[in-house]
Amino acid sequence: SVYVMTNMKSIIGISLRITNAEKYVEKRDSLSHDWSIVLQQLGFHPLLIPNTISDVSAFLDDMKVSGLILSGGDNIGDEPLRDQIEKKIIDHAVSHDIPLIGICRGMQIINSFFGGKIRRLDNSDHVNKPHEVNLSSNFSLGNNAIQVNSFHYNVIDAANLGKNLSPFAISERDNTIEGFIHNELQIFGVMWHPERYPDTNTNELLKKIFSRK
């Protein structure tokens with residue numbers, strides 16, 4: 001008999017970081033448990049996207065993803081394979097008009113994809129230090145400012161923003177861009193990690209992005 005899934009939930013594909021397995025001479029794809037917990041709580045099915053998929057677009061088509069996440073961790077250039085896969089994920093989101101959010105490193109690779117650059121800090125102002133970001137009206141979460149946490153040394157300034165990307169969250173601390181939205185596509189980026197401290201703001205952010213019709 002054919003199994004028919006009733007009350008189908010939206011499937012959200014998420015990219016993975018590449019790690020070296022301790023005590024083994026092999027590389028592995030990995031993802032914090034936080035992501036699958038948060039996505040399930042919001043009523044989504046998480047779909048992990050291996051870095052070794054030969055045809056990413058066909059895979060995402062077959063899996064019928066309705067949203068995409070570029071996860072955080074590590075820097076662009078650390079693992080060229082991951083960089084290539086994530087660029088193909090962005091390509092798929094662009095060509096299929098699928099909502100996509102980049103988290104921290106994911107935001108940086110989106111910025112790079114659209115011709116932007118990053119600047120590396122020589123201080124730890126953005127490493128595990130809670131701070132406020134001011135939100136603009138072009139992507140409202142119901143507040144003018146929210147408290148976030150970040151874990152990175154890379155920042156995006158207004159002068160280094162990619163083409164057709166507009167800031168919606170600005171750090172109160174140094175005016176760097178902590179959230180952007182594409183002017184024409186359903187593409188977003190945030191520098192903080194919404195999955196690590198899930199709260200009302202996190203839920204509103206992800207629901208607003210992935211529940212769009």
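This note collects points on the helix packing, the nonpolar cores and some individual residues of a predicted model.

1. Helix α4, which spans residues 105-113, is mostly covered, since seven of its nine residues are buried. The buried residues are R105, G106, M107, Q108, I109, I110 and N111. Just after this helix, G115 takes a positive phi of about 90 degrees.

2. The axes of helix α3 (residues 80-96) and α4 come within 10 Å of each other and cross at roughly 70 degrees. Because angles of 65 to 115 degrees count as roughly perpendicular, α3 is roughly perpendicular to α4. The crossing in which α3 passes α4 is right-handed.

3. On the α3 side, the contact with α4 is made by R82, D83, E86, K87, I90, D91 and V94, while α4 contributes R105, I109, I110 and F113. By residue type, the contact of α3 with α4 divides into five nonpolar and six charged residues, with no polar ones.

4. The largest nonpolar core has 27 residues, and the members that touch the most others are I69, I101, F139, F168, W192, L205 and F210. Two or more residues each come from β1 (11-15), α1 (33-41), β6 (100-103), β8 (131-135), β9 (145-148), β11 (165-171), β13 (187-190) and α5 (200-210). Of these elements, α5 gives the most to the core, with four residues. Another core, of 26 residues, lies apart from it and includes L47, M107, I156 and L165.

5. Two residues other than glycine deserve a look for their backbone angles, given that most residues other than glycine have a negative phi. K23, in the loop between β2 (17-20) and β3 (27-30), has a positive phi of about 70 degrees although it is not a glycine. C104, in the loop between β6 and α4, likewise has a positive phi, near 55 degrees.

6. H193 lies in the loop between β13 and α5. Its relative accessibility is 5%, and because buried means under 20% relative accessible area, H193 counts as buried. From C-alpha to C-alpha, H193 and R120 are 18 Å apart in space, and they are 73 residues apart in sequence.

Terms used. Residues are numbered from 1 along each chain as its sequence is written. This is a predicted model: local features need pLDDT of at least 70, side-chain atom pairs count only at pLDDT 80 or more; totals for chains, interfaces and linings use all residues. Side-chain values use heavy atoms; hydrogens and water are left out. Buried means under 20% relative accessible area, exposed over 50%, partly exposed in between (1.4 Å probe, protein chains only). A nonpolar core is a set of buried Ala, Val, Leu, Ile, Met, Phe, Trp, Tyr and Cys residues joined through side-chain atoms within 4.5 Å. Axes are lines fitted to C-alpha atoms, for helices over the stretch in contact, and angles run from 0 to 180 degrees between N-to-C directions. Angles under 35 degrees count as roughly parallel, over 145 as roughly antiparallel, 65 to 115 as roughly perpendicular and the rest as oblique. A crossing is left-handed if the near helix is turned anticlockwise from the far one by less than a right angle, and right-handed if clockwise. Contact means heavy atoms within 4.5 Å. Ala, Val, Leu, Ile, Met, Phe, Trp, Tyr, Cys and Pro count as nonpolar, Asp, Glu, Lys and Arg as charged, and the others, Gly among them, as polar.
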